[in-house]
Amino acid sequence: MRIDAARVIITSPGRNFVSVKIETDQGVYGVGDATLNGRELAVASYLQDHVLPCVVGRDPRRIEDIWQYLYRGAYWRRGPVTMSAIAAVDMALWDIKAKMAGMPLYDLLGGKSRDGVLVYGHANGADIAETVDEVGRYLGLGYKAIRAQSGIPGLAAAYGVGRGKDYYEPADASLPSETVWDTRKYMQFVPGLFEKLRETYGQAPQLLHDVHHRLTPMEAARLGRALEPYDLFWLEDATPAENQEAFRLIRENTVIPLAVGEVFNSIWDCKDLIQNQLIDYIRVPVVRAGGITHLRRIADLAGLHQVRTGFHGATDLSPVTMGAALHFDSWVPNFGIQEYMRHTPETDAVFPHAYYFEDGLLHPGDAPGHGVDIDEKEAARFPYKPAYLPVTRLEDGTMWNW
Ligand code: GCO
Ligand code: MG
């Protein structure tokens, strides 16, 4: 068996997606996602110019060998561009193997460990009242777990609060838009939001919150303590994690569950966090960390230390990543939760998929492979459009972490 062709497909049904399609001499093909929000063409070029020419002619059944070939063979290891490109190839190869076996991917991985995948949706509003209403709307849609983000008094724009309520997309301009951040205004405001949410909806709903890398470790510890009475499922990205040690200070000062890792791209970015039990949930998604082959290693290491998965699932992760993630989530023993932001109907039409939402859970479906295809005719209707993530500055103009 051999790989006959491997192509990059770029499409922008409302937002940009980079996909890889790998075709074999047996007529079976696989699809992978390589989308890196705001830096899409760098991955497309890395794939087109450097990775895919090395993949054509190989035996697609040798997934591990191809992974090692691409990772070790580049000499320059790791990084989001490289690892997203390897992930796309890896996802497509697992798709092919599962299709050849006539199995849904979760069966090839070891079979289902659960009946459905618990997901969390995104409620956001301009202020507390609107955010509380939105959480109520999500509960009405059947969600059991909901992330809550709100506008902050005195700040013009807040992370996680979008114009639209169903399809949040932060990459909103052809050059980065600028927002302003103030830690004190945020810290003084957030506990009140969760107090109101518990007062309104009681203890049953799982509530989550994303700090989006904005705090120092000590500030994060203080916020964690202030939020402890409201029983959050997790506090996400409380501080940047380039320095994994930074989480020790947070951990020593609060018992709030911590999640991190959506920007990580290998086991090396999280091994200290996991081995020292400085976090509770690891968020690195299948598209960012070299695909299923490498993510399995991260999940297994996490399992040893009772850290559970909680993969990133914003709209910049294409339905292909969502499909692959749901098979992984169905199998992985140390599953925690899966983020789920709905894609637009245009995106769903470009990527027909077997997964579906029911009563607060997502199900991967039983189609062979990861169950997500790409309709190339539909994809061709939506040409690439430059779109950047915003940047943020402190009120005095100092650059900060968006
Ligand atoms: C999340 C993330 C996203 C990111 C986005 C960047 O938890 O869903 O923080 O909202 O900001 O994926 O492209
Ligand atoms: Mg996040």
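This is a predicted model: local features need pLDDT of at least 70, side-chain atom pairs count only at pLDDT 80 or more; totals for chains, interfaces and linings use all residues.
View 1. Two packed helices are described by the angle between their axes and the distance between the axes. Helix α5 covers residues 128-140, and helix α6 covers residues 183-201. Their axes lie 10 Å apart, at an angle of about 45°. The two helices are therefore oblique to each other. On the α5 side, the contact uses Ile128, Thr131, Val132, Val135 and Leu139. On the α6 side, look for Gly192, Leu193, Lys196, Leu197, Thr200 and Tyr201. Sorted by class, the residues of this contact are seven nonpolar, three polar and one charged.

**View 2. Helix α1 meets helix α3.** Helix α1 spans residues 40-55, and helix α3 spans residues 80-101. Their axes come within 9 Å and cross at roughly 55°. That angle makes α1 oblique to α3. The crossing of α1 and α3 is right-handed. From α1 come Ala42, Val43, Tyr46, Leu47, Val51 and Val55. They meet Val81, Thr82, Ser84, Ala85, Ala88 and Val89 of α3. The contact of α1 with α3 has 10 nonpolar residues, two polar ones and no charged ones.

**View 3. Helices α7 and α8 pack together.** Helix α7 holds residues 217-227, and helix α8 holds residues 246-253. The angle between them is about 30°, and their axes are 8 Å apart. That makes α7 roughly parallel to α8. The crossing of α7 and α8 is right-handed. Helix α7 brings Pro217, Met218, Ala220, Ala221, Gly224 and Arg225 to the contact. Helix α8 brings Ala246, Leu249, Ile250 and Asn253. Seven residues in the contact of α7 with α8 are nonpolar, two are polar and one is charged.

**View 4. Three strands form an open sheet in the order β1-β2-β3.** The pairing in this sheet is antiparallel. Strands β1 (3-11) and β3 (29-33) stand at the edges. Each edge strand has a single partner, so one side of each is left without a neighbour in the sheet. Ignoring direction, neighbouring strands here are turned by 20° against each other on average. Strand β2 (residues 17-24) runs antiparallel to β3, and five bridges join the two. Find Lys21, then look across to its bridge partner in β3, Val31. Helix α3 packs on this sheet and touches β2 and β3. The direction of α3 makes about 145° with that of β3.

**View 5. Another open sheet of three strands has the order β6-β15-β16.** Here the pairing is mixed. The edge strands are β6 (178-181) and β16 (399-400). Each has a single partner strand, so one side of each lacks a neighbour in the sheet. Strand β15 covers residues 391-394. Two bridges join β15 to β16, and these strands run antiparallel. Arg393 stands opposite Met399 in β16.

Notes:
Residues are numbered from 1 along each chain as its sequence is written. Chains are lettered from A and ligands numbered from 1 in the order in which they are written. Axes are lines fitted to C-alpha atoms, for helices over the stretch in contact, and angles run from 0 to 180 degrees between N-to-C directions. Helices (H or I, at least four residues) and strands (E, at least two) are DSSP runs, numbered from the N terminus. Angles under 35 degrees count as roughly parallel, over 145 as roughly antiparallel, 65 to 115 as roughly perpendicular and the rest as oblique. Two residues are in contact if their C-beta atoms, placed from the backbone, lie within 7 Å. Ala, Val, Leu, Ile, Met, Phe, Trp, Tyr, Cys and Pro count as nonpolar, Asp, Glu, Lys and Arg as charged, and the others, Gly among them, as polar. A crossing is left-handed if the near helix is turned anticlockwise from the far one by less than a right angle, and right-handed if clockwise. Two strands pair if DSSP finds at least two bridges between them.
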